[in-house]
Amino acid sequence: MTSFPHKHLLGIETLTAEDLTTILDLGERFGEIASRPIKKVPTLRGKTVINLFLEPSTRTRTSFEIAAKRLSADAVNISGSTSSTVKGETLLDTVANLDAMQPDIVVIRHGQAGAAAMVAAHIKASVVNAGDGAHEHPTQALLDCSTIRAHKGKIAGLTVAICGDITHSRVARSDIHALTKLGATVRLAGPRTLLPLGIEAMGATAFDRIEPALEGADVIIMLRIQKERFGTPLFPNTREYSRYFGLNARRLELAAKDAIVMHPGPINRGVELDPALADGPRAVILDQVSRGVAIRMAVLYLLGGGTPEPL
Ligand code: CP
């Protein structure tokens with residue numbers, strides 16, 4: 001039997017390829033539950049999951065809640081605007097108070113890199129990082145790998161192009177860690193102002209034009225420009241950005257004939273991605289979202305005390 005020797009999921013960087021495969025395999029098994037008339041198993045009955053989201057989220061927060069409920073755990077949601085953090089309470093005081101209510105797992109999204117690790121060091125519950133600043137978003141990388149594996153049958157040997165605002169992207173960082181550990185070749189593309197110096201030390205090749213990154217790629221992951229994370233504009237305007245770095249039908253022809261188009265969401269249609277491609281047959285963007293529930297079930301299950309042999 002495979003083991004999962006971690007109390008928390010704070011990032012992909014510290015996981016092994018075996019850990020990743022354990023979660024992906026388990027996610028595939030949990031995915032089947034969504035097609036049942038009653039989408040629920042009793043596996044985490046009696047466990048409590050707190051979703052503490054101190055940054056906006058549609059997909060991640062909802063899918064962690066659905067994942068917890070499908071496993072019969074009690075899910076409690078707290079958002080930034082409704083928590084006492086708006087009254088000046090520190091993050092550590094907030095989580096110490098939540099921990100005093102004996103949750104089993106705290107899922108946290110926060111604007112500061114390292115916030116999830118800091119919380120994990122101070123509370124008894126297991127902690128899942130649901131995105132910490134521009135650092136990591138591990139469950140997004142896992143659901144991306146799950147989607148790639150499902151559509152391509154493998155990850156090792158594939159070429160994956162990640163295009164857009166690499167500098168501010170926790171998704172890019174977690175994807176690079178996950179995909180390289182699982183044997184893919186990763187290319188990055190973006191304007192120089194959105195391509196951090198030294199990023200190639202993570203094992204990816206960086207391009208300041210999108211075309212060479214797309215050449216023959218099996219998978220294309222487009223990223224949103226995260227304007228909320230920078231003040232001074234880092235490119236002239238969105239029209240010019242779209243012209244030079246947006247994915248359209250003409251540029252998609254540079255990739256492999258069966259290349260799939262991915263996006264973690266939210267999409268800024270017409271900026272990084274042509275709406276016709278976002279809704280077209282090569283896009284697997286909504287499949288990513290569906291798989292996110294199953295992957296988060298796998299993560300909650302493993303951290304909530306389950307073994308990798310669940311059903
Ligand atoms: N991909 C992602 O993290 O989306 P949300 O911000 O909506 O959770």
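An oxygen atom of the ligand lies 2.8 Å from an N or O atom in the side chain of Arg109, in a model that is predicted. An oxygen atom of the ligand is also found 3.0 Å from a backbone N or O atom of Arg59, while a nitrogen atom of the ligand is placed 3.0 Å from an N or O atom that belongs to the side chain of Gln140. On its own the ligand has 250 Å² of accessible area, and the protein covers 92% of this.

## The shell around the ligand

Arg59, Arg109 and Gln140 are among the residues around the ligand, and the list also takes in Ser57, Thr58, Thr60, His137, Pro264 and Gly265. Sorted by class, this shell consists of 6 polar residues, 2 charged residues and 1 nonpolar residue.

## The largest pocket

Where does the ligand sit? The ligand is placed in the largest pocket, which holds about 370 Å³ of space. The lining of the largest pocket is made up of 21 residues, and those that lie nearest its centre are Arg109, Arg170, Arg224, Gly265 and Pro266. Of these, Arg109 and Gly265 also belong to the residues around the ligand.

Helix 2, which spans 59–70, and helix 6, which spans 170–181, each contribute at least two residues to the lining of the largest pocket. By class, the residues of this lining divide into 9 polar, 7 charged and 5 nonpolar.

## The second largest pocket

The second largest pocket holds about 250 Å³ of space, and its lining consists of 20 residues, with Arg59, His263, Ile285, Leu286 and Val289 lying nearest its centre.

Which helices each supply at least two residues of the lining of the second largest pocket? They are helix 2, helix 5 (138–152) and helix 11 (285–303), and helix 11 gives the largest share, with 6 residues. Helix 2 likewise supplies at least two residues of the lining of the largest pocket. The lining of the second largest pocket is divided into 10 nonpolar, 6 polar and 4 charged residues.

Terms used: Residues are numbered from 1 along each chain as its sequence is written. This is a predicted model: local features need pLDDT of at least 70, side-chain atom pairs count only at pLDDT 80 or more; totals for chains, interfaces and linings use all residues. Side-chain values use heavy atoms; hydrogens and water are left out. A residue is near a molecule or strand if one of its heavy atoms lies within 4 Å of it. A polar contact is a pair of N or O atoms within 3.5 Å; within protein, one must be able to donate a hydrogen and the other to accept it, and residues adjacent in sequence count only if both atoms are side-chain atoms. Accessible areas come from the Shrake-Rupley method with a 1.4 Å probe; for residues, only the protein chains shown count as cover. On a 1 Å grid over the protein atoms alone, a cavity is a set of points where a 1.4 Å probe fits but cannot get out, and a pocket is an open set with protein on both sides within 12 Å along at least five of seven lines; lining residues have an atom within 4 Å of a point. A molecule sits in a cavity or pocket if more than half of its atoms lie within 2 Å of its grid points. Ala, Val, Leu, Ile, Met, Phe, Trp, Tyr, Cys and Pro count as nonpolar, Asp, Glu, Lys and Arg as charged, and the others, Gly among them, as polar. Grid points are joined across faces, edges and corners, and a volume is the space filled by probe spheres set on the points. Helices (H or I, at least four residues) and strands (E, at least two) are DSSP runs, numbered from the N terminus.
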